[in-house]
Amino acid sequence: MNTDQIVVPVPRTRIGVYGDDSTRYDRPPLPAISADGVRHYANIAVARVSGYRPLHMDLYVPPAATADRPWPLVAWIHGGAFREGSRTSLPDTLEPVGFHEHLLARGYAVAEIDYRLSREAVFPAQLHDVRAAIAWLRTFAGELHLDPDRFAAWGESAGGMLAALAGLGDRLDVARVQAVVDWYGPSDCTDETRSDPDDPGVWLLGGTASQKPESAFWASPVRQVHDQAPPFLLMHGTADSTIPYAESENLAAALRAVGVRADLVPVEGAGHVFRGVTDMLTLVQRSLDFLDDTLARG
């Protein structure tokens, strides 16, 4: 076995991570350091699960981090209806604004996470992969000068749902986060009327909600709400015809009902991926303001 790989016990939550198996992951590689001092740890294998491709992540750490001044972290989770996309791609509405550069400039390390798509594996594989990446980051937080008490999951569309589910795990879990930014993610997979075999939810579950009721329940953030959840920011276009605004509205209501902070920001007239918005940077900055507030040092 590669001596740079470690065999570790599986982090546990209500639905586990990789069943009863152990997983292997790599130690942090040497970073490439850019002219402005940003450290880039490229193509890290954060999970090697037998029978599947290795799951990779890229990590960017702002300059001047030290053991006494670790950085907060954003785990970025891409969208794509669970069946396309990757950590290296952004929606065409977001890419031109220099999204990750703004996060780094505000003092956040950025981890770009990959997960298995729905034709590679059905749910909960996607959540397991996200949790494995977060667990890896927590394991090596000291070495990487990251602050494990200031981790956020931020995702868009399918990634927004996975970010929400990551935030709704056990607050003492090795894959826990302290804040969630959910951009226009679905929140309820239990709709039994969605029976089109080409529906992204059917692909994700490996069947309809009536055929896979347990998976549909666990895949639905609105069904996993509890009073120990971290603060949430839910931002959603009111004209989104792909994932209706009501999905975020319902999740915010459920979180508030148990006393959890849930900031709901309707983006008036915006479609999916905030199509129609002329000032995307304002939405990015507003999300960062939320993280500054919720992840401030005590």
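Before selecting anything, note that a residue is called buried here when its relative accessible area is under 20%, exposed when it is over 50%, and partly exposed in between, with a 1.4 Å probe and protein chains only. The model is predicted, so that local features need pLDDT of at least 70 and side-chain atom pairs count only at pLDDT 80 or more, while totals for chains, interfaces and linings use all residues. Residues are numbered from 1 along each chain as its sequence is written, and side-chain values use heavy atoms, with hydrogens and water left out.

**Salt bridges**

Start by selecting Asp-26 and Arg-48, which form a salt bridge (a side-chain nitrogen of Lys or Arg within 4 Å of a carboxyl oxygen of Asp or Glu), with their closest N and O atoms 2.9 Å apart. Asp-26 belongs to strand β2 (residues 23-26) and Arg-48 to the loop between β4 (39-47) and β5 (55-61), so the pair ties together parts that are 22 residues apart in sequence. Helices (H or I, at least four residues) and strands (E, at least two) are DSSP runs, numbered from the N terminus. Asp-26 counts as buried at 15% relative accessibility, whereas Arg-48, at 28%, is partly exposed.

Next select Arg-87 and Asp-58, whose closest N and O atoms are 3.7 Å apart in another salt bridge. Arg-87 sits in the loop between β6 (71-77) and α1 (99-105) and Asp-58 in strand β5, 29 residues apart, and both residues are buried.

Then move to Asp-289 and Arg-106, whose side chains meet in a salt bridge at 2.7 Å, N to O. Asp-289 is in helix α8 (residues 280-294) and Arg-106 in the loop between α1 and β7 (109-113), so this pair joins parts 183 residues apart in sequence. The whole structure holds 15 salt bridges.

**Helix α7**

Which residues of α7 are buried? They are Tyr-245, Glu-247, Ser-248, Leu-251, Ala-252, Ala-254 and Leu-255, and what covers them, by contact (heavy atoms within 4.5 Å), includes α4, β9 (179-183), β10 (232-237) and β11 (262-267). After the helix comes Gly-259, with a positive phi near 85°.

**Backbone details**

Most residues other than glycine have a negative phi, and most peptide bonds are trans. Select Phe-123 and Pro-124, where the peptide bond is cis with omega near 15°, and note that Pro-124 lies in the loop between β7 and α2 (125-139). His-145, in the loop between α3 (141-144) and β8 (146-156), has a positive phi near 60° and is partly exposed at 22%. Phe-274, in the loop between β11 and α8, also has a positive phi, of about 60°, but is buried, with a relative accessible area of 1%.

**The largest pocket**

Finish with Ala-81, Ser-157, Pro-200, Thr-242 and Ile-243, the closest to the centre of the largest pocket among the 34 residues that line it. By class, 16 lining residues are nonpolar, eleven polar and seven charged, where Ala, Val, Leu, Ile, Met, Phe, Trp, Tyr, Cys and Pro count as nonpolar, Asp, Glu, Lys and Arg as charged, and the others, Gly among them, as polar. A pocket is an open set of points, on a 1 Å grid over the protein atoms alone, where a 1.4 Å probe fits, with protein on both sides within 12 Å along at least five of seven lines, and lining residues have an atom within 4 Å of a point.
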